Each structure stands twice: as C-alpha cells, then as structure tokens.
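Student: I have a model open and would like to go through it piece by piece. Could you take my questions as they come?

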Amino acid sequence: MNTSLTHSDISMSDRPPTPLPQFKILGQPVHLATDYSSWLIDRLQQGIGTHVVTMNAEIVIQASHDLELAKIISNAELVTPDGSGIIMALRLYGIEQPRYAGIDLGEDLLRLAAKPEHNYSVFFYGGKPEIVDRAAQKWQTELPNLKIVGIEHGYIDTEQQANLLHQLQVAQPKIILVALGMPRQEIWIRDNFHLFPQAIWIGVGGSFDVWSGVKNRAPQYIRNLNLEWMYRIAQEPSRWRRSLALPKFAVLAVAERIWGKDRLAPH
C-alpha cells in the first residue's frame with residue numbers, strides 16, 4: 001500500500017476543515033499530512049479548538065502501558081509525527097510521511113500568529129523561570145508583532161496554579177504552548193482544555209530550552225538523517241535511559257508489520 005501524500009490531499013475547506021487521515025502504530029494514532037500548521041490555523045479561524053500531541057517512539061512505548069496517556073492521545077484532535085521512529089514505522093507500510101518535529105510546529109505557528117491578518121495571541125507556560133522568559137523574549141524580538149499575553153514558568157505551587165488558570169481565562173489566548181514534558185504536559189492540557197476550547201493547545205517539550213539558547217538544536221544535516229535523537233543524547237547523556245525505548249519500538253513496529261494489519265482510517 002502506497003499512501004504518499006501531497007498538499008492536494010489535505011486542501012482546506014471553509015466549513016469544516018478537511019479531516020486528516022490517521023494511521024495507528026502499536027495502537028497509537030498519528031495523523032498524516034504535509035501542512036499541519038495551515039490546517040490548525042484554519043481550525044482557529046473557525047473557532048475549533050485543538051489539542052496537539054507530538055508523537056515519537058518513546059511516547060508510543062509509554063502509552064502502551066499507560067492507559068491514561070493512551071486515552072489522551074486517542075482523544076487528541078491532532079497527533080503529529082515528531083520522531084524519526086514514527087516515520088520509519090510508517091515506511092514499513094509504504095507511507096511516505098514527512099517528519100514534523102514539535103519545535104518546528106511551534107515555530108511555524110508563532111510566525112503565522114504574528115501575521116497582521118491573524119494577530120493571534122499566544123501564552124507560554126512551562127520550563128524554568130529564566131528559560132521561559134528568554135524563550136518568549138527571543139520570539140518577541142524576532143516577531144515584534146507577536147501578541148504574547150502571558151508567560152509562566154513550570155515551577156509553581158497550587159496557589160500559583162490557580163492564578164495561572166485565572167490568567168488564562170482572562171487572556172483567552174489563541175495558542176497555548178506548554179513545556180512540562182511528557183506526559184505531564186498532556187495531562188495538564190487535558191485537564192484545562194475546557195478553559196478555552198477554541199484555542200490550539202500544544203505540548204512543546206524542550207522547545208523553550210532551545211529557543212532560550214540554553215541548548216542547541218541538531219544541525220539541519222543531522223535532522224535530515226533522522227539522527228537528531230543521537231545529538232540530543234550527546235548534549236544530555238542522562239537521556240540515554242529514555243533512548244532505550246527506540247530499539248524496543250523498532251522491534252515491535254517490525255513485528256506488527258509482519259503479523260498485524262494496516263490501519264489507515266479517517267479521524
């Protein structure tokens with residue numbers, strides 16, 4: 001089965017946005033497209049909220065034994081192929097899907113939000129105090145028209161959390177970037193999505209660290225080789241335990257391809 005996608009496969013419709021096809025890998029769905037950011041902006045324009053999960057092999061393995069996380073992923077309106085392992089698993093079925101890292105999606109959304117025809121407000125939540133401040137400042141400097149309506153770090157107590165939720169209700173941001181790490185950020189989004197169900201809520205993991213300049217992202221040629229995960233381990237040797245999910249995922253994905261069935265379906 002060859003399901004290579006082109007931009008025409010996901011053309012936008014005025015009411016409602018075209019549903020994206022999805023494919024399940026080890027029981028977890030991933031949506032297939034070539035232009036996720038435009039699809040999300042189309043939903044924003046129509047007042048349709050979206051919880052975005054950026055999927056990688058580690059998350060798939062974690063969800064296989066974490067039923068709460070698996071349910072959150074299943075209920076998310078958009079699950080993107082963040083990791084190279086996901087792309088390789090899709091290729092086992094003849095699906096040529098471009099990888100779209102969560103940090104890239106976040107950057108694309110911020111640039112679109114700053115355009116005069118959109119002028120969408122943005123909220124940054126998560127990371128250490130100095131990290132989130134520097135990340136937001138980076139984007140405010142690069143995109144002077146970007147409307148940042150709130151910044152909050154991820155090390156807050158119960159009272160501060162209540163203040164954060166009140167701030168969100170007042171600000172009603174259109175795009176909420178949450179950097180708490182998986183699965184904490186996904187659980188937090190699930191629990192608070194009702195505060196503004198017309199917004200885009202996206203877990204961006206360690207993106208704030210890169211945007212703040214504390215960490216460097218892999219050069220483009222390494223990303224093109226699908227080896228960004230190795231670069232991250234080189235920067236953070238403590239991540240090696242998490243990388244053990246990659247060979248497990250590869251073995252399970254190949255086994256599923258041999259003994260399982262294709263699961264391409266509309267969302």
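**Working through the model**

Student: Which helix does leucine 165 lie in?

Tutor: Leucine 165 lies in helix H7, residues 158–171, where helices (H or I, at least four residues) and strands (E, at least two) are DSSP runs numbered from the N terminus. This is a predicted model, in which local features need pLDDT of at least 70 and side-chain atom pairs count only at pLDDT 80 or more, while totals for chains, interfaces and linings use all residues. Residues are numbered from 1 along each chain as its sequence is written, and side-chain values use heavy atoms, with hydrogens and water left out.

Student: And what is leucine 165 in contact with, leaving aside its neighbours within four places in sequence?

Tutor: With those neighbours set aside, leucine 165 is in contact with Trp188, Asn192 and Leu195, contact meaning heavy atoms within 4.5 Å. The C-alpha atoms of leucine 165 and leucine 195 are separated by 7.9 Å, although the two residues are 30 apart along the chain.

Student: Okay, switching to the sheet. What is the strand order in the open sheet of 6 strands?

Tutor: The order is S4-S3-S8-S7-S5-S6, with parallel pairing, and two strands pair if DSSP finds at least two bridges between them. The edge strands, each pairing on one side only, are S4 (78–81) and S6 (147–152). Neighbouring strands of this sheet are turned by 20° against each other on average, direction ignored; axes here are lines fitted to C-alpha atoms, for helices over the stretch in contact, and angles run from 0 to 180 degrees between N-to-C directions.

Student: How many bridges do S3 and S8 have?

Tutor: Strand S3 (residues 50–55) and S8 pair in the parallel sense over 3 bridges, and the bridge partner of threonine 50 in S8 is isoleucine 200. Helix H1 lies across S3, S4, S7 and S8, running at about 165° to S4.

Student: Which residues touch the most other members in the largest nonpolar core?

Tutor: Of its 36 residues, those are Leu110, Phe124, Leu177, Phe208 and Trp211. A nonpolar core is a set of buried Ala, Val, Leu, Ile, Met, Phe, Trp, Tyr and Cys residues joined through side-chain atoms within 4.5 Å, and buried means under 20% relative accessible area, exposed over 50%, partly exposed in between (1.4 Å probe, protein chains only). The elements giving two or more residues to this core include helix H1 (36–45), helix H5 (102–113) and strand S5 (121–126), and H5 gives the most, with 6 residues.

Student: What does leucine 110 contact, leaving aside its neighbours within four places in sequence?

Tutor: Leucine 110 is then in contact with Val122, Phe124, Trp139, Leu143, Leu146, Leu177 and Trp211. Apart from this core lies another, of 24 residues, among them Val53, Ala57, Val60 and Val79.

Student: Now charges. How many salt bridges are there?

Tutor: The count comes to 7 salt bridges, each being a side-chain nitrogen of Lys or Arg within 4 Å of a carboxyl oxygen of Asp or Glu. One of them joins glutamate 107 and arginine 111, with the closest N and O atoms 3.9 Å apart. Because they are 4 residues apart in helix H5, these two are separated by about one helical turn.

Student: Is glutamate 107 buried or exposed?

Tutor: Glutamate 107 counts as buried, because its relative accessibility is 17%, whereas arginine 111 is partly exposed, with a relative accessible area of 34%.

Student: Which other salt bridge does arginine 111 make with glutamate 142 in the picture?

Tutor: The side chains of arginine 111 and glutamate 142 meet in a salt bridge at 3.2 Å, N to O. That pair links distant parts of the chain, with arginine 111 in helix H5 and glutamate 142 in helix H6, 31 residues apart. Salt bridges that share partners join Glu107, Arg111, Lys138 and Glu142 into one network.

Student: Last topic, histidine 31. Why does histidine 31 count as buried?

Tutor: Histidine 31 counts as buried because its relative accessibility is 1%. Histidine 31 lies in strand S2, residues 28–31, and its side chain makes a polar contact of 3.3 Å with the side chain of glutamine 22. A polar contact is a pair of N or O atoms within 3.5 Å; within protein, one must be able to donate a hydrogen and the other to accept it, and residues adjacent in sequence count only if both atoms are side-chain atoms.

Student: Which way do the residues of S2 point?

Tutor: Gln28 and Val30 point one way from S2, Pro29 and His31 point the other way, and all are buried. Strand S1 (residues 21–25) and S2 pair in the antiparallel sense over 4 bridges.
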